[in-house]
Amino acid sequence: MKSVGVAILGLGVVGSGTYRILTEHREFYRRTQGIDISVESVLEINRQRAIDLGVEESKVSDNIAEVVSNPNVDIVVEVIGGVEPAKSFVLAALHSGKTVITSNKELFCKYWFELEKAAKRTHAGLYYEASCVGGVPIIRTLIDGMQANVVRSLTGIINGTTNYILTRMAREGLGYAEVLKDAQALGYAEKNPTADVEGFDAAYKLSILASLAFHTKVPLDKIYREGITEISRADIAYGEELGYVLKLLAIGKCDAEDKIEVRVHPAFIRKDHPLASVNDSFNAVFLQGDSVGDIMLYGRGAGALPTGSAIVSDIIYAATHTDHKYATFKNTQLPEKGVRFVTDFSSRYYIRFTAHDRAGVLAKVAGIFAKYNISIVDFIQKGEDIDRTQKEDLGGNIPIILITHKTSEFSVRRAVEKISALEDVAQVNSVIRVEG
Ligand code: HSE
């Protein structure tokens, strides 16, 4: 039976989950996969943490050179996160000819080319299923399941923290700050929640997923990004009234002329869209392939065992394949020639503004929309039916909510600027894209 030695760099949540899966399922993998996987080394400064988990003391190290030069180690699992020291450790492992498995989306999306070059030089494997959408096997689906298809679009809820926050805001009518505090107390959101709530985490993952889906490098800086910090419970409630659910979406589209659109932002989707029922900290990715049609993958995007599951699936894949597979596209630092990135994308828009309750206001707003060729599909004006307190808070103004037909981002921005400048408009409160 083939023996495979693994080193785990970092015994945090994911490292510990990976260790647990490997040790508890060792016999199962011997029987079902025909390989004996043992943890031969662990890089962990907190020795006691490793020992408490059941790691033999002689296998705990705080020296990366010792780990990557260990002849019993074939595969190095990097679950430290962030760019440094993870990058130096991964490169050290690849230079030593060890296959690397990483859950590190930031490192991978920023340095994919460099890491792959190092892996190819020593014929080492480089696997990253756990970097995107935790336990959901989206990377292998794109590489090994969808390869017959031209993928034209990918839409995902790929950040669990923000999905948890938005779900609770919608269900319980709570404000963003209140739910964020709960999410932090429950360990969903970090003490510094920026990476999740400002959409960086989703953008890292989208850069990787869109590169695989569209067979060209999709650099991080081409992704339009907006987070959820400005979302109010009022918008969620008005959206609900109009038949929509609000989600932080990661969207990738590629048309027949290789024009690529990549964006992460809050968006309304219709209640009957398959992604609308993805709630709490769950993740899902909705793909459209030209042959297969629609596909949706759903599951846990984070956590010790779900992410550990993705890592162990990579370990088994790497251990059972002799030729390692690299990116499905010519991985360079830049996108393929001919690929263009769209900045003025099209969408439908939800626009909420507060105006004086006076004759002629709507006519002026409609005039501005007409000037920019924006047509309105749905409309709510709150008059007598808003409660008194709310009316007083608005200083006697009334909220007006519009949904537009599909139109260009730039036209909407220009129209919104003009509407904000109208004397009768107190404020444009929110502009939210409507997808699907
Ligand atoms: N912080 C991420 C999320 C998990 O909330 O989905 C790991 O990517």
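**Entry 1: the K259 pair**

I began with D255, which is partly exposed at a relative accessible area of 28%. My cut-offs: buried is under 20% relative accessible area, exposed is over 50%, and partly exposed is in between, using a 1.4 Å probe and protein chains only. D255 forms a salt bridge with K259, and their closest N and O atoms are 3.8 Å apart. I count a salt bridge when a side-chain nitrogen of Lys or Arg is within 4 Å of a carboxyl oxygen of Asp or Glu. K259 is partly exposed, at 27% relative accessibility.

**Entry 2: ground rules**

The model is predicted, so I note the limits: local features need pLDDT of at least 70, side-chain atom pairs count only at pLDDT 80 or more, and totals for chains, interfaces and linings use all residues. Residues are numbered from 1 along each chain as its sequence is written, and side-chain values use heavy atoms, with hydrogens and water left out.

**Entry 3: other salt bridges**

How many salt bridges does the structure hold? I found 31. I looked up D280 and R171, whose side chains meet in one at 3.0 Å, N to O. This pair links distant parts of the chain, 109 residues apart. D280 sits in the loop between β10 (259-270) and β11 (282-289), and R171 in helix α8 (residues 160-172). Helices here are DSSP runs of H or I with at least four residues, strands are runs of E with at least two, and both are numbered from the N terminus. D280 is partly exposed at 26% relative accessibility. R171 is exposed at 53%.

Next I checked R433. R433 forms a salt bridge with E409, with 2.8 Å between the closest N and O atoms. This pair also links distant parts of the chain: R433 lies in strand β18 (residues 425-435) and E409 in helix α16 (residues 409-421), 24 residues apart. Are these two buried or exposed? R433 is buried, at a relative accessible area of 4%. E409 is buried too, at 2% relative accessibility.

I also logged a network of salt bridges that links R26, E27, R30 and D36.

Helix α11 covers residues 200-214, 15 residues in total. From first C-alpha to last it reaches 21 Å, close to the 21 Å expected at 1.5 Å a residue. The expected span is 1.5 Å times one less than the number of residues. Of the 15 residues in α11, 14 are buried. H215 follows α11 and has a positive phi, near 60°.

I then looked at T216, in the loop between α11 and β8 (224-225). T216 is buried, with a relative accessible area of 1%. What does T216 touch, leaving out residues up to four places away in sequence? I listed A210, S211, I260, F329, P335, E336 and V339. Contact means heavy atoms within 4.5 Å.

**Entry 4: the six-stranded sheet**

I traced an open sheet of six strands with parallel pairing, in the order β3-β2-β1-β4-β5-β6. β3 (60-61) and β6 (126-127) stand at the edges with a single partner strand each, so one side of each lacks a neighbour in the sheet. Two strands pair if DSSP finds at least two bridges between them. Strands β1 (residues 2-9) and β2 (residues 35-43) run parallel and are joined by eight bridges. I picked out G5, whose bridge partner in β2 is S38.

Helix α1 (residues 13-24) lies across β1 and β2, at about 160° to β1. Axes are lines fitted to C-alpha atoms, for helices over the stretch in contact, and angles run from 0 to 180 degrees between N-to-C directions.
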